Amino acid sequence: MGQIIKQRMTVRMKGDFVVFIIGMRINRPWKLHKWMPVFMAMPRMLKELSKRPESGFLGAETSIGVIVQYWKSFEHLEAYAKDTSGLHYPAWKAFNTRVRSSGDVGIWHETYLIKEGNYECIYHNMPPYGLGKVGELLPASGKLEFAGGRVANTFE
């Protein structure tokens, strides 16, 4: 866990970026052999991505069942998803083979393409977290004290 920053902070991201949220839902917990491989696959993929800066992967926040990922672009995200030499593609194929439409475990994802300046965030008494780990942390003071100023992209 990182050092707690004992003040209100916000983040400046230069350029557009992508937020990718992915999760799983265990519908039949007793079918461990169906959902455990899905659960175990993502940490390996995140480790792989963190070692490949050229992939466009910026970072992630994980919790049980949901992962928020940050990417440089949709093209980078899609390239990783389709890369047959990476860990995602075989995991995706295995899921479709093992689970199919059984209903034992569900997966979902949402992708958001964020234009520069079209976001807002605040962190208070937090270590670098989320965008705060991948962008430039700044004190949320002056024009950045309130959400309206942060959304207006007044980072000068």
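A: Helix H1 (residues 32-50) and helix H3 (residues 88-98) have axes that come within 10 Å and cross at roughly 170°; axes are lines fitted to C-alpha atoms over the stretch in contact, with angles from 0 to 180 degrees between N-to-C directions. The two helices, H1 and H3, are therefore roughly antiparallel, the term for angles over 145 degrees. On the H1 side the contact (heavy atoms within 4.5 Å) is made by His 33, Lys 34, Pro 37, Val 38, Ala 41 and Met 45, and on the H3 side by His 88, Ala 91, Phe 95 and Arg 98. By class, the contact of H1 with H3 comprises 6 nonpolar, 2 polar and 2 charged residues; Ala, Val, Leu, Ile, Met, Phe, Trp, Tyr, Cys and Pro count as nonpolar, Asp, Glu, Lys and Arg as charged, and the others, Gly among them, as polar.

The model is predicted: local features need pLDDT of at least 70 and side-chain atom pairs pLDDT 80 or more, while totals for chains, interfaces and linings use all residues. Residues are numbered from 1 along each chain as its sequence is written, and side-chain values use heavy atoms, leaving out hydrogens and water.

Both helices also contribute to the largest pocket. Its lining receives two or more residues each from strand S2 (17-26), H1, strand S3 (57-63), strand S4 (66-71), helix H2 (74-82), H3 and strand S5 (105-114). H1 gives the most to this lining, with 10 residues. Of the 38 lining residues of the largest pocket, Phe 20, Ile 22, Met 42, Met 45 and His 88 lie nearest its centre. Met 45 and His 88 are also among the residues of the contact between H1 and H3. The lining of the largest pocket has 26 nonpolar, 8 polar and 4 charged residues, and about 780 Å³ of space lies within the pocket. A pocket is an open set of points on a 1 Å grid, tested with a 1.4 Å probe, with protein on both sides within 12 Å along at least five of seven lines; lining residues have an atom within 4 Å of a point. Its volume is the space filled by probe spheres set on the points, which are joined across faces, edges and corners.

Strand S2 has a further link. The rings of Phe 17 and Tyr 119 have centres 5.5 Å apart and planes at 75°, so the pair is edge-to-face (centres within 6.5 Å, planes over 60 degrees apart). Phe 17 lies in S2 and Tyr 119 in the loop between S5 and strand S6 (123-126), so the pair ties together parts 102 residues apart in sequence.

The C-alpha trace spans about 55 × 30 × 25 Å along its principal axes.

Conventions
Helix = DSSP H or I, 4+ residues; strand = E, 2+ residues; numbered from the N terminus. Parallel < 35°, antiparallel > 145°, perpendicular 65-115°, else oblique. Phe/Tyr/Trp six-rings, centres within 6.5 Å; stacked < 30°, edge-to-face > 60°.
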